[in-house]
Amino acid sequence: QSICVDFSDSSFLWRQKQTLAAESVVKAVGGKKALNLNLVDATAGLGQDSLILALFGFNLQLIEGSPIVHALLEDGLSRASKSDQMGLRAAANRIQLFPGDSRVLLPQLEEVDIIYLDPMFPERNKSAKVKKNMQVLQQLLGHEHTPANLLEISLNKARRRVVVKRPRHAVWLNDLKPSQVVAGKSSRFDIYLC
């Protein structure tokens, strides 16, 4: 199976044409009021949520621990930064990508207002297959990609909020109840105010 990060593919382009302010991830990080804040995606993965945030206008720092996934995302962002679509090009240029362990890198960053975490979803009981890219990602990384203490590190580092993406009916990460929740169709965003 091959995998490629392509932010110009048709399904992603459709999302970009919707009202970005209505995207759950945009609402969860604080929307327009948070645009000038420093935002870090500490579990970058394939970068789709981060690109939505960048299209909305956020400047982001992304951290990815897997060398393979980092290389895939770096390639996708590089192609997006040369796109003939001005919005996509501008969004890609608002993203800085770093390789490494978030548990090590987060404490070294100077000022972080918002930290976004998207743990790999645990195995599902449903028979429906997850999207092909996610299947390959799960094979590469295993099912739970986020170390247990990353939430604790994030809560100690973020000045405003930590946002954790979870499957809609999953337990809270580390059994820690969030301050607020933004629910989508298949996932939800748990918000921990700092």
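Which residues in α4 are buried? They are Val69, His70, Leu72, Leu73, Gly76, Leu77 and Ala80. Buried means under 20% relative accessible area, exposed means over 50%, and partly exposed lies in between (1.4 Å probe, protein chains only).

This is a predicted model, where local features need pLDDT of at least 70, side-chain atom pairs count only at pLDDT 80 or more, and totals for chains, interfaces and linings use all residues. Residues are numbered from 1 along each chain as its sequence is written, and side-chain values use heavy atoms, with hydrogens and water left out.

**Overall make-up**

- The protein chain has eight helices and seven strands. Helices (H or I, at least four residues) and strands (E, at least two) are DSSP runs, numbered from the N terminus.
- Of the 194 residues in the protein chain, 48% are buried.
- Take the contacts in the protein chain with a separation of 6 or more: residues 24 or more positions apart account for 68% of them. Contact means heavy atoms within 4.5 Å.

**The sheet**

- Seven strands form an open sheet with mixed pairing. Their order is β3-β2-β1-β4-β5-β7-β6.
- The edges are β3 (95-99) and β6 (180-183). Each has a single partner strand, so one side of each is left without a neighbour in the sheet.
- On average, neighbouring strands of this sheet are turned by 20° against each other, direction ignored.
- Strands of a sheet pair through backbone hydrogen bonds, either parallel or antiparallel.
- β1 (residues 39-41) and β2 (residues 60-64) pair in the parallel sense, over three bridges. Two strands pair if DSSP finds at least two bridges between them.
- Val40 has Gln61 as its bridge partner in β2.

**Helices on the sheet**

- Helix α3 (residues 48-56) lies across β1, β2, β3, β4 (114-117) and β5 (161-167). Helix α3 runs at about 170° to β2.
- Helix α8 (residues 150-157) also packs on the sheet. Helix α8 touches β4, β5 and β7 (187-193), and its direction makes about 165° with that of β4.
- For these angles, axes are lines fitted to C-alpha atoms, for helices over the stretch in contact. Angles run from 0 to 180 degrees between N-to-C directions.

**Helix α4**

- Helix α4 covers residues 67-80, which is 14 residues. At 1.5 Å a residue it should span 20 Å, and its end C-alpha atoms are 20 Å apart, which agrees. The expected span is 1.5 Å times one less than the number of residues.
- The buried residues of α4 are Val69, His70, Leu72, Leu73, Gly76, Leu77 and Ala80. They cover an arc of only 165° around the axis, which puts them on the same side of α4. The arc is that of the directions from the helix axis to the C-beta atoms.
- His70 is found in this helix. His70 counts as buried because its relative accessible area is 10%.
- His70 touches Glu64, Leu97, Phe98 and Pro99, not counting residues up to four places away in sequence.

**The loop between β5 and β6**

- Asn174 is found in this loop. Its phi is near 60°, a positive value in a residue other than glycine. Asn174 is partly exposed, at 43% relative accessible area.
- Asp175 is found in the loop between β5 and β6 as well. Its phi is positive, about 55°, although Asp175 is not a glycine. At 65% relative accessibility, Asp175 counts as exposed.

**Cysteines**

- The whole structure has zero disulfides. A disulfide is a pair of cysteine sulfur atoms within 2.5 Å.
- Cys4 is partly exposed, at 39% relative accessible area. Cys194 is partly exposed, at 46%.
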